[in-house]
Amino acid sequence: KLVMSAQDLVETSPRRALSLLEQHAREYPNGNFVQEAESLAIDALRKSGMQSQGATRAQAYLLRFPQSPHARRMRAWLQELNDPDHNIAGQPLPTR
C-alpha cells in the first residue's frame, strides 16, 4: 500500500512520495516490492531536484539489481547526468 500510494504521488508531490518510500524501506527492508520502491524513491529524488542523491542511489541500485526492469532507465539517466551538455549539477557523477 505504501508503494502504491507513493507511486501516485511521485509526479505531483515527490517529497511526500519519498517520505512514504522511506517508511516502506524501514518497515519492509526485504519485502516483495524493494526494487520498485527504490526505483520510485530515485524518481522522487530526481523530481525533487536532489540529483546527486538520486544518482548515488541509482548507482547503488544498479549494483544491487543489475537485471531489474528499471535498470535501463537508471543507466540512461546516469548517462544523461554525466553528459556535460545535460548535467544539471555541472559536476561529474559521484563514484563508488
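**Figure 1. Helix 3 and helix 5 run roughly parallel to each other in this predicted model.** The axes of helix 3 and helix 5 cross at roughly 25 degrees. Angles under 35 degrees count as roughly parallel, and the two helices are therefore placed in that class. Their axes come within 11 Å, and the crossing of helix 3 and helix 5 is left-handed. On the side of helix 3, the contact is made by Ser39, Ile42, Asp43 and Arg46. Helix 5 contributes Arg73, Met74 and Trp77. Sorted by class, the contact of helix 3 with helix 5 has three nonpolar, one polar and three charged residues.

Figure 2. When residues up to four places away in sequence are not counted, Asp43 touches Val10 and Arg73.

**Figure 3. Helix 2 and helix 3 are roughly antiparallel.** Helix 2 comprises residues 14–27 and helix 3 comprises residues 34–47. The axes of these two helices come within 9 Å and cross at roughly 150 degrees. This angle makes helix 2 roughly antiparallel to helix 3, because angles over 145 degrees are placed in that class. The crossing in which helix 2 passes helix 3 is left-handed. From helix 2, the residues Pro14, Ala17, Leu18, Leu21 and His24 take part in the contact. They meet Ala37, Leu40, Ala41, Ala44, Leu45 and Lys47 in helix 3. By class, the contact of helix 2 with helix 3 has nine nonpolar, one polar and one charged residues.

**Figure 4. Ser68 is a buried residue in the loop between helix 4 and helix 5.** The loop that holds Ser68 lies between helix 4 (51–64) and helix 5 (71–82). Ser68 has a relative accessible area of 8%. This value is under the limit of 20%, and Ser68 is therefore described as buried. The side chain of Ser68 makes a polar contact with the side chain of Tyr61, at 2.7 Å. The side chain of Ser68 also reaches the backbone nitrogen of His70, at 2.9 Å. With neighbours within four places in sequence left aside, Ser68 is in contact with Gln35 and Tyr61.

Definitions and conventions. Residues numbered from 1 in each chain as written. Predicted model: local features only at pLDDT ≥ 70, side-chain atom pairs only at ≥ 80, totals over all residues. Heavy atoms only, no water. Axes fitted to C-alpha atoms, helices over the stretch in contact; angles between N-to-C directions. Helix = DSSP H or I, 4+ residues; strand = E, 2+ residues; numbered from the N terminus. Parallel < 35°, antiparallel > 145°, perpendicular 65-115°, else oblique. Left-handed = near helix turned anticlockwise from the far one by under 90°. Contact = heavy atoms within 4.5 Å. Nonpolar A, V, L, I, M, F, W, Y, C, P; charged D, E, K, R; others polar. Buried < 20%, exposed > 50% of the residue type's maximum accessible area, 1.4 Å probe, protein only. Polar contact = N/O pair within 3.5 Å; in protein donor to acceptor, adjacent residues only side chain to side chain.
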